Amino acid sequence: MLQIYNSLTRNKVPFHPIVPNKVRLYVCGMTVYDYCHLGHARVLVAFDVVYRYLMARGYDVTYVRNITDIDDKILAKAQELGVPFTAITERFIQAMHEDTVALGTLPPTVEPRATEHIPQIIEMIHNLIARGHAYQGPNGDVYYAVTSFADYGKLSGKNIEDLTAGVRIDIDTFKRNPLDFVLWKTAKPGEPAWEAPWGLGRPGWHIECSAMSTHCLGANFDIHGGGADLQFPHHENEIAQSEGATGQPFVNIWMHNGFVRIDEEKMSKSLGNFFTIREILKSYHAEEVRYFMLSGHYRSPLNYTETNLDNARTALNRLYTAIRGLDLAVTTNATESELAESLESEFVARFHAAMEDDFNTPVAVAVLFDVVRELNKARVEGGDKSIKLGITLRYLSSILGLLNTNPDQFLQGAVSTEIADTEINELIQQRMQARKAKNWQEADRIRNRLLEQKVILEDGPQGTTWRRL
RNA sequence: GGCUGGGUAGCAAAGUGGCCAUGCAGCGGCCUGCAAAGCCGUCUACGCCGGUUCAAAUCCGGUCCCAGCCUCCA
């Protein structure tokens, strides 16, 4: 039985989809005004694994991940560069897609954009006003009245009194309550704007997610995810908006992933201590980044260090080395039931037990290494058992989005420009001659020379193979 | 100040009452021309102080430290 930690109730709950066998999943995606950093990579990978695992369990999953393509920061950047805001969003949407492809994440079922859902946003604001949850201020902006929603604070464990006590004094406010937030923002001259009953303007940040999720998945759906920093106020406000507008319960399970940290501090744009995905990919294979993310539980903080990425590299090398040279063609795109005869059920069961416990990837990964040990032992003997273990390893890894590359390609792949494959092979040939002549000094000289180029040679019964460090 | 989480060996990271996590690194051995890879064995743990229990890293109380949210943020 799959158990998922629900941020709303702060405990693990058995997962029962609202519609049997169907899962509706919404994840807050990116605001596209800059390149994605490792923190974004973590959300992408964490929910990619949730998506993959739910599908592996046989669920028909609708995965919605939105794009925020209208927002103050986007407008600020457009102004700074003197270009239309769409030039900014187009550029960074494309960059984001490049990053998601590089990270090996599956594309979501739908990727809605705020600017393409203005009618739905307007309709929801209209409903909120009609139901007494929203009002138009003297400045023309439309606000959500937090005191009109009795459950406000239920997700983040806050209450209106405490929040009010700590609120900053905002002199030019047109809000009835300092905690009220903008649903519709009146456009200043020159700003992009859409027609609405309350005048030309644009949606506030929180309303778009309510409108898009409801539009794509219905008023009540199964799982809503995002980074832990979105829990308050963003997700709290989404609940207030959606439940206020529809009168129905909004989301059954809220999932929040932990942060990526640098020097024990949250990685974020505002702190300026971030690495973009594309920067990291200059030094590390995307799969190493993914392994690094999965080596910790999705709710725990994850400390970014080069040592940790290097550890991910050696760990992944061990996994790939285990299946190198095995003929596992049969596994391509097969489902678990199709593969049943080819899998070692004990490891499959342990893997599922780990994943069913709130997607416990560190334990699931540990199972992979147990498979590796058995596999390496079986390979000495040869025969069917090693194939079966290899298929098991690759199948289970695929659920985590790992080991999808050809092993030789991965182990010999260059991350940055280094010594060319042809030159490596030439040197290996030279060394082979030296070894035949038992000229060990020359053989070792060549091996050391390659090692300086971060190429490791492995002499086996079938000849010499190589891999990059 | 209010509210969440967390402190596990050299590093990373699970576990949550009694038995092995796991990966890397270290040490010893096997294998190898020597290595590498692999296999076998092995050493470093549960922040601190009390308590409950036959038994606690795991439960309870206290205490110290860390991170996050309360402002845009994945």
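**Entry 1**

I looked up phenylalanine 369 first. In this predicted model, phenylalanine 369 has 18% relative accessibility. The cut-off for buried is under 20%, so phenylalanine 369 counts as buried. I then checked tyrosine 291. Its relative accessible area is 10%, so tyrosine 291 is buried too.

**Entry 2. Aromatic pairs**

How many aromatic pairs does the structure hold? I found 14. I took the pair of phenylalanine 221 and phenylalanine 250 next. The ring centres are 5.3 Å apart and the planes stand at 85°, so I logged this pair as edge-to-face. Where do the two residues lie? Phenylalanine 221 is in strand E9, residues 221–227. Phenylalanine 250 is in the loop between helix H7 (231–246) and strand E10 (251–257). The pair therefore ties together parts that are 29 residues apart in sequence. I checked burial as well: both phenylalanine 221 and phenylalanine 250 are buried.

I went back to tyrosine 291 and phenylalanine 369. They form an edge-to-face aromatic pair, with 6.5 Å centre to centre and 90° between the planes. Tyrosine 291 sits in helix H9 (residues 286–294), and phenylalanine 369 in helix H13 (residues 361–381). This pair links distant parts of the chain, 78 residues apart.

I also noted a cluster. Ring pairs link Tyr26, Phe221, Phe250 and Trp254.

**Entry 3. Charges over rings**

Which ring does the charged end of lysine 266 sit over? I found the ring of phenylalanine 259, with the charged end 4.5 Å from the ring centre. I noted arginine 299 too. Its charged end sits over the ring of tyrosine 298, 6.0 Å from the centre.

**Entry 4. Threonine 68**

I turned to threonine 68, which lies in strand E4 (residues 60–68). Buried or exposed? The relative accessible area of threonine 68 is 2%, so I put it down as buried.

I listed what threonine 68 touches, leaving out residues up to four places away in sequence. The contacts are Met30, Thr31, Val32, Ile74, Trp205 and Glu208. With glutamate 208 there is a polar contact, side chain to side chain, at 2.8 Å. A polar contact of 3.4 Å also joins the side chains of threonine 68 and asparagine 66.

Last, I checked threonine 89. Threonine 68 and threonine 89 are 21 residues apart in sequence. In space, their C-alpha atoms are 8.9 Å apart.

Conventions. Residues numbered from 1 in each chain as written. Chains lettered and ligands numbered in written order. Predicted model: local features only at pLDDT ≥ 70, side-chain atom pairs only at ≥ 80, totals over all residues. Heavy atoms only, no water. Helix = DSSP H or I, 4+ residues; strand = E, 2+ residues; numbered from the N terminus. Buried < 20%, exposed > 50% of the residue type's maximum accessible area, 1.4 Å probe, protein only. Contact = heavy atoms within 4.5 Å. Polar contact = N/O pair within 3.5 Å; in protein donor to acceptor, adjacent residues only side chain to side chain. Phe/Tyr/Trp six-rings, centres within 6.5 Å; stacked < 30°, edge-to-face > 60°. Lys NZ or Arg CZ within 6 Å of the ring centre and 35° of its normal.
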